[in-house]
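Thanks for coming. I will go through a few local features one at a time, so please keep the structure open while I talk.

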Amino acid sequence: MKRKGFLGILIFLHSWKPASAFFAGHGNHKENSPFLNNLEAGKGGDYYDKNLALFEEELDIRPKVSSLLGKLVNYTNLTQGVKEHEEAESTDGSKKKVSKSPSMGTLMGVYLPCMQNIFGVILFLRLTWMVGMAGVLQSFLIVLLCCCCTMLTTISMSAIATNGVVPAGGSYFMISRSLGPEFGGAVGLCFYLGTTFAGAMYILGAIEILLTYIVPQAAIFHPSGAHDASSAMLNNMRVYGTVFLLLMAVVVFVGVKYVNKFASLFLACVVISILSIYAGAIKSIFDPPEFPICMLGNRTLSRDQFDVCAKTIVKDNITVASKLWKLFCLNTNLTTNCDEYFLLNNVSEIAGIPGAASGILKDNLWSNYLEKGEILEKAHHPSVDAAGQKNNLHLYVLSDIATSFMVLVGIFFPSVTGIMAGSNRSGDLKDAQKSIPIGTILAIVTTSLVCILLKLAEYGDAVNKNLVVGTLSWPSPWVIVIGSFFSTCGAGLQSLTGAPRLLQAIAKDNIIPFLWVFGHGKANGEPTWALLLTALIAELGILIASLDMVAPILSMFFLMCYLFVNLACAVQTLLRTPNWRPRFKYYHWALSFLGMSICLALMFISSWYYALVAMLIAGMIYKYIEYQG
């Protein structure tokens with residue numbers, strides 16, 4: 001009895017762990033994740049850094065704040081495989097670095113990259129304009145549709161990520177190894193084309209910010225007449241866009257290590273800009289910013305050519321004609337007959353951003369769609385109906401394009417793409433099956449809330465040459481203007497970095513034989529030929545020179561990509577494919593089918609002819625890969 005008791009004490013002492021060791025292993029096993037149906041117990045050692053320090057001595061070896069700051073400083077927005085090329089450039093052939101095991105977590109590896117990709121040029125340049133055209137209710141519907149599409153696609157992506165071991169190589173490798181080469185090739189090429197046109201869109205957005213809000217004097221082409229402003233701007237966009245594209249392509253060609261050095265800066269620009277908008281929105285409730293809009297009757301005037309919003313001014317105790325009078329009447333004689341609408345209606349100033357407490361949301365509930373060239377009018381504002389002179393139309397704020405619910409869906413959708421940024425780093429993630437679903441879903445929830453809460457302003461970005469979101473921001477409009485410019489440039493640079501490597505990966509798989517040449521590159525693996533093709537395709541988007549025209553094109557390719565992902569997951573489940581066993585708790589084939597249906601609906605809502613072309617291209621790719629065997 002004594003011997004048994006002594007052995008029992010030894011066994012107890014051998015198996016006993018201190019409290020800190022118990023908490024270190026408890027609750028960190030993979031089967032405890034609320035998102036996974038995992039039957040295998042994971043090792044708590046992978047999550048050693050997540051422990052709570054119970055003793056003072058542990059704080060010295062587990063510095064929480066410093067480790068987080070260190071990760072933020074070393075943050076990279078480069079895709080899987082790019083860092084290996086960077087190391088190959090910076091090390092000699094004789095010196096080989098020891099490969100490191102994947103160490104990125106959910107925050108640095110998935111959440112922040114997705115946030116940086118989703119927050120882009122559409123949010124800063126087109127969101128307030130979209131609310132002004134569609135109204136609060138329909139703009140909410142647009143955001144809801146687009147976010148539902150990406151959320152359901154993320155659930156399908158999460159199912160793919162939890163279907164066995166996640167391979168390194170990004171979204172293309174993850175999808176093609178799980179769903180087969182046909183779906184993988186079709187999704188990969190659609191994703192490549194969408195990413196390439198996204199690079200062109202980001203460059204056009206950066207040029208628009210530069211020439212409209214930062215340095216208007218830098219314009220090369222100037223309008224020769226009152227109606228040539230748009231054509232001059234398009235030519236400026238083409239020239240500057242081509243220059244920016246060449247500079248970015250050279251930077252990517254010289255070495256991705258230079259792109260990586262600015263990753264933290266671009267991320268900081270995005271975060272600071274969003275916080276500045278929220279701070280300004282809260283401040284505007286009590287103290288709205290000064291953003292006066294000059295109105296003639298109920299028509300909005302463009303203040304490019306005059307400064308005083310009045311028909312007359314007092315000069316040396318004498319009432320004289322203002323500059324606005326000279327523009328409409330072509331003389332300074334106050335008794336002369338001129339534009340009938342100008343004479344019969346009063347000139348007034350109203351607050352462009354009256355603040356949330358002023359009831360602006362109620363006034364802006366309903367849509368106000370315009371045809372191209374139509375004057376922007378404010379409903380219920382006093383006005384006398386009269387015919388104005390056509391040669392004075394340039395003095396009003398005119399609609400640049402014909403707007404409708406369908407057009408706005410196509411323009412807005414690129415602002416919710418970027419959900420594959422986390423899966424592009426699958427080889428760098430410590431636990432890809434856990435990080436990809438959690439990080440991507442949290443990023444979509446965060447960005448959706450930001451888009452919904454930013455629907456405050458009534459007028460678009462063309463009034464008085466001021467960016468509405470910038471005027472709303474705190475402490476200065478320049479925070480948004482400069483921040484959006486650098487973040488947009490960073491997004492364009494990232495697209496031009498990731499797209500060639502995606503094409504190179506597809507070419508190396510040899511599923512599309514005529515692309516074999518794009519699998520080759522420099523000695524360190526840099527995709528030189530793929531970069532050249534990417535730059536040429538992006539130049540096509542630059543030559544279009546209109547952000548509103550390029551956005552629907554890349555929307556089609558991204559929607560086609562998401563449609564294939566949802567379709568493949570639903571088909572694999574319904575056919576009960578033996579190698580398809582996703583462990584994501586909230587996945588169901590009906591959700592994938594619903595996501596596919598929303599993608600298809602959004603494609604035809606945006607542009608039915610673009611949708612047919614995109615489906616034809618994707619179908620041809622799929623059948624070609626199937627034919628090649």
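Start with Asn 317, which sits in the loop between β3 and β4. Keep in mind throughout that this is a predicted model. Asn 317 has a positive phi of about 65 degrees, although it is not a glycine. As background, most residues other than glycine have a negative phi. Is Asn 317 buried or exposed? With a relative accessibility of 79%, Asn 317 counts as exposed, because the cut-off for exposed is over 50%.

Now the strands on either side of that loop. β3 covers residues 312-315 and β4 covers residues 318-321. They pair in the antiparallel sense, over four bridges. Within that pairing, Thr 312 stands opposite Ala 321 in β4. β3 and β4 form a hairpin, with two residues between them. Asp 316, in the turn, also has a positive phi, of about 55 degrees.

There is another example elsewhere in the chain. Arg 576 is not a glycine, yet its phi is positive, at about 55 degrees. Arg 576 is in the loop between α22, residues 547-574, and α23, residues 589-606. Arg 576 is exposed, with a relative accessible area of 74%.

Next, the open sheet. Which strands form it, and in what order? There are three, in the order β2-β1-β5, and the pairing is antiparallel. The edge strands are β2, at 299-300, and β5, at 347-351, and each of these pairs on one side only. Strand β1, residues 292-296, is joined to β5 by five bridges. Met 295 stands opposite Ser 348 in β5.

On to the helices. The axes of α10, residues 181-214, and α20, residues 477-509, come within 8 Å and cross at roughly 155 degrees. That makes α10 roughly antiparallel to α20, because angles over 145 degrees count as such. The crossing of α10 past α20 is left-handed. What kinds of residue make up the contact of α10 with α20? The contact has 23 nonpolar residues, nine polar and no charged.

Last, a single residue in a helix. Asn 236 is in α11, which spans residues 229-254. Asn 236 has a relative accessible area of 2%, so it is buried, the limit being under 20%. Leaving aside neighbours within four places in sequence, Asn 236 is in contact with Ile 207, Leu 211, Ala 219, Ile 220, Phe 221 and Gly 241.

That is the end of my list.

Methods: Residues are numbered from 1 along each chain as its sequence is written. This is a predicted model: local features need pLDDT of at least 70, side-chain atom pairs count only at pLDDT 80 or more; totals for chains, interfaces and linings use all residues. Side-chain values use heavy atoms; hydrogens and water are left out. Two strands pair if DSSP finds at least two bridges between them. Buried means under 20% relative accessible area, exposed over 50%, partly exposed in between (1.4 Å probe, protein chains only). Contact means heavy atoms within 4.5 Å. Axes are lines fitted to C-alpha atoms, for helices over the stretch in contact, and angles run from 0 to 180 degrees between N-to-C directions. Angles under 35 degrees count as roughly parallel, over 145 as roughly antiparallel, 65 to 115 as roughly perpendicular and the rest as oblique. A crossing is left-handed if the near helix is turned anticlockwise from the far one by less than a right angle, and right-handed if clockwise. Ala, Val, Leu, Ile, Met, Phe, Trp, Tyr, Cys and Pro count as nonpolar, Asp, Glu, Lys and Arg as charged, and the others, Gly among them, as polar.
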